[in-house]
Amino acid sequence: MSAPEVTVTADTNQHYDLDPDIFGQFLDPLRKYSSALYENDSDSLELAQRNKLRFVARRLGLNGGEELLDIGCGWGSLILFMAQEYGCDTLGISPAPRQHEYIAEQAAARGVTNQVRTRVGHFEQLTLPDASVDAVTMLGSIVHMPDLDEVFRRARAVLRRGGSLYVSESCFRNAAARRAFDERAGTEFVRSDIFGWGDLRPLSDLITAAEDAGFSIASVDDLTNDYRRTIDHWIDNVDIAAERIDAHQPGLAAKLRHYLEVANAGWGYTTKHYALVCRKAR
């Protein structure tokens with residue numbers, strides 16, 4: 001699927017540029033809008049999201065003080081966490097202006113203003129110096145990026161030799177599931193009514209693009225059950241905060257709940273969620 005750049009920018013902001021308070025009503029306190037990682041049955045949503053961020057750090061081999069680029073940084077959960085917990089110098093990219101205002105406030109409140117920078121825009125369109133960072137992350141953002149080959153090529157270009165790319169993404173279970181379900185009513189609802197534009201691919205498409213860009217595949221983890229449980233928590237929180245969410249936009253709570261139910265209905269049948277780590281070995 002292809003889409004004009006201007007349309008992608010505008011439509012992606014349709015969801016992510018909503019009032020940050022809406023997301024504060026159903027996400028964890030870090031406002032991390034991607035799969036958590038549950039290490040125990042009793043893990044809360046907040047603990048599971050912190051587990052996930054430490055998992056990302058381990059997969060990237062962070063020891064402290066690295067330079068990290070987060071593409072599609074959302075409300076800054078990853079860059080703020082890596083700055084605070086690992087002393088990283090971080091740069092977050094997002095096309096949604098409201099997210100940058102929120103991240104700047106949080107960075108000041110946590111005393112990491114000097115370690116957290118952001119830029120408004122699309123990664124494919126921004127100029128970044130080659131071989132300038134030790135690690136690149138994309139958590140749930142590549143689904144909104146039309147040109148996989150260009151994204152992986154540019155991610156490899158900004159990495160120093162030996163650096164790592166972490167991609168956490170929802171995927172169709174395989175190419176046949178994509179052909180069968182890409183234009184079903186539930187998929188179209190999420191694409192048009194929630195995000196405006198998105199292209200769910202099978203994992204094989206991501207691996208092909210990574211390998212063609214020159215990456216070596218280091219690991220693939222299946223986090224499907226973790227994302228199902230994460231969304232169960234989000235649905236519970238939407239129900240609890242329905243009145244406050246609807247105060248921003250009448251009917252929004254029901255719309256969010258339907259989106260989350262559609263996502264959870266597909267796990268293991270039509271969709272999976274993977275964590276892919278790629279190395280710039282040479």
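The model is predicted: local features need pLDDT of at least 70, side-chain atom pairs count only at pLDDT 80 or more, and totals for chains, interfaces and linings use all residues. Residues are numbered from 1 along each chain as its sequence is written, and side-chain values use heavy atoms, with hydrogens and water left out.

Start with the sheet. It is open and has seven strands, in the order β3-β2-β1-β4-β5-β7-β6, with mixed pairing. Strands here are DSSP runs of E, at least two residues long, and helices are runs of H or I, at least four, numbered from the N terminus. Two strands pair if DSSP finds at least two bridges between them. The edges are β3 (116-120) and β6 (216-222), each pairing on one side only. From one strand to the next, the twist averages 15°.

Now look inside the sheet. Strands β4 (residues 133-139) and β5 (residues 159-172) run parallel, joined by six bridges. Met138 has Val167 in β5 as its bridge partner.

Strand β2 (residues 89-94) holds Thr90. Thr90 counts as buried because its relative accessibility is 1%; buried means under 20% relative accessible area, exposed over 50%, partly exposed in between (1.4 Å probe, protein chains only). Leaving aside residues up to four places away in sequence, Thr90 touches Leu68, Ile79, Met82, Ala83, Gln115, Val116 and Arg117. Contact means heavy atoms within 4.5 Å.

Next, the helices. Helix α10 lies across β5, β6 and β7 (271-279), at about 120° to β7. Axes are lines fitted to C-alpha atoms, for helices over the stretch in contact, and angles run from 0 to 180 degrees between N-to-C directions.

Helix α10 (residues 224-240) also packs with α12 (residues 252-266), at about 165° and with axes 10 Å apart. So α10 is roughly antiparallel to α12 (under 35 degrees counts as roughly parallel, over 145 as roughly antiparallel, 65 to 115 as roughly perpendicular, the rest as oblique). The α10 residues in this contact include Tyr227, Ile231 and Trp234, and those of α12 include Leu260 and Glu261. The contact residues divide into eight nonpolar, one polar and five charged. Ala, Val, Leu, Ile, Met, Phe, Trp, Tyr, Cys and Pro count as nonpolar, Asp, Glu, Lys and Arg as charged, and the others, Gly among them, as polar.

A second pair is α6 (residues 148-158) and α9 (residues 203-213), packed at about 45° with axes 8 Å apart. That angle makes α6 oblique to α9. Their contact has six nonpolar, no polar and four charged residues.
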